[in-house]
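Please look over the structure shown below with an eye to its helices, ring pairs and nonpolar cores. The report that follows takes these topics in turn.

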Amino acid sequence: MGHPKIPPAAPAVLALAPYQSARMLNAFDPSKIYLDANELPFSPDATQLDFSELQHYAHSGPRQMIRSYATYADVPSESIIATRGIDEGIDLLIRTYLEPGQDTVLTMSPTYGMYEVCASAHRVETVDLPLLDLSDPDIDGLSALETLPKLIFLCRPNNPTGTLMSRGAVETVLDLAAGRSIVAVDEAYIEFCAAESLVSLLSAYPNLVILRTLSKGFGLAGLHTGFLLAHSEVTDAVNRIANPYPIPEPCAQIALNALSQTGLEHLETNINSVLAERHRLFDALDAQPDCTGVLPSHANFLLSAWRHPDDALAALTAQNILIRPVRLQGETEPRLRFSIGSRAQIDRVIAALSS
């Protein structure tokens, strides 16, 4: 007798194209150089973990980690919700504020693909307004919308371009959205341009939400720990559906170490190294005869355009260097996105492209 049939998944789910993470596309191999996922090239300092209380659930939050992050981000603890990376923050906002089949999400492409994937998974339509010059929001297009979507995602610095929409443009979006939309600003890469954070606007704009992570600047991508920063009215609503134990105890302990005085000193050292290598790689890419342009970046990656990108990819692959091709809407050839690695790794990239 055969197994009974399994009921089919919902049609909307079966129609989804799942997000392709870097490790889905390129399985890890220690012999290769991975510059495809915007990871930090440095391993964090070894952390002494305390396993004596693992029989208990982690404190909700956990509270001490949230207090430490509140000090780092200069916001009240009650304005923070701990999340499993920014992706959970995106998911929580969609589930908290949007009615499936009724409300919409607004994105500004090119941008992080999980905004649309999460929306689609919850049967929410996405409205897209392309960025102007791959940088700033289309304010005229936004103003012309008959109905403003209830949730707007802005990625700042933007992935995959590395560009930084102006503070004034974001404030204009917030003003247009007042009373109508939540504006979620994704600051995953803000450690690479810390002075540009919009955290100071939280007190003036109750419809502003800021999404943060320890994955990028802190070099803790494997921890998958993030934070949602918002007005208390927003955190009260989101907490109604948030996971009661979002962060495992060992992850919270590692996060606390990263947020300590010593951890923050390491953060500053590592950020300075990445910025120096970003500058060096920018000049090297810009000097390549086949490269037609490199976007100025405020993140830990560079997006570059090439006449023959397949040739550059082949040269890098031959040296076991993996980067990420990015196809922008309306362009026939993919651009190449280089995560910023260590000095030795950038040396290898430059040598591979120059040979």
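On one side of helix H11, Asp 310, Asp 311 and Ala 318 are exposed, where exposed means over 50% relative accessible area, buried under 20% and partly exposed in between, with a 1.4 Å probe and protein chains only. The model is a predicted one, in which local features need pLDDT of at least 70 and side-chain atom pairs count only at pLDDT 80 or more, while totals for chains, interfaces and linings use all residues. Residues are numbered from 1 along each chain as its sequence is written, and side-chain values use heavy atoms, with hydrogens and water left out.

H11 spans residues 309-318, and its buried residues are Pro 309, Ala 312, Leu 313 and Leu 316. These cover an arc of only 100° around the axis, so they sit on the same side of H11; the arc is that of the directions from the helix axis to the C-beta atoms. Helices (H or I, at least four residues) and strands (E, at least two) are DSSP runs, numbered from the N terminus. The cover over the buried residues of H11 includes strands E10 (301-306), E11 (321-322), E12 (324-326) and E13 (335-339), together with helix H12 (343-354). After H11 comes Asn 320, which has a positive phi near 60°.

## Aromatic rings

Rings of Phe, Tyr and Trp (its six-membered ring) pair if their centres lie within 6.5 Å, and planes under 30 degrees apart count as stacked, over 60 as edge-to-face and the rest as tilted.

| Pair | Centre to centre | Angle between planes | Geometry |
|---|---|---|---|
| Tyr 72 and Phe 218 | 5.4 Å | 75° | edge-to-face |
| Tyr 112 and Tyr 115 | 5.5 Å | 90° | edge-to-face |

Tyr 72 belongs to helix H3 (residues 63-73) and Phe 218 to the loop between strand E7 (208-213) and strand E8 (226-230), so their pair ties together parts that are 146 residues apart in sequence. Tyr 72 counts as partly exposed at 26% relative accessibility, whereas Phe 218 is buried, with a relative accessible area of 8%. Ring pairs also link Tyr 69, Tyr 72, Phe 218 and Phe 227 into a cluster. Both Tyr 112 and Tyr 115 are buried.

The loop between E7 and E8 also holds Ser 215, which is buried at a relative accessible area of 9%. Leaving aside residues up to four places away in sequence, Ser 215 touches Leu 220, Ala 221 and His 224, contact meaning heavy atoms within 4.5 Å.

## Nonpolar cores

A nonpolar core is a set of buried Ala, Val, Leu, Ile, Met, Phe, Trp, Tyr and Cys residues joined through side-chain atoms within 4.5 Å. The largest has 98 residues, of which Ile 90, Leu 93, Ile 94, Phe 153, Leu 229 and Phe 338 touch the most other members. Helix H4 (residues 85-97) gives the most to this core, with 6 residues. Apart from this core lies another, of 5 residues, among them Leu 295, Leu 303, Val 326 and Leu 328.

## The chain as a whole

The protein chain contains 12 helices and 13 strands. Buried residues make up 49% of its 355 residues, and of the contacts with a separation of 6 or more, 70% are between residues 24 or more positions apart.
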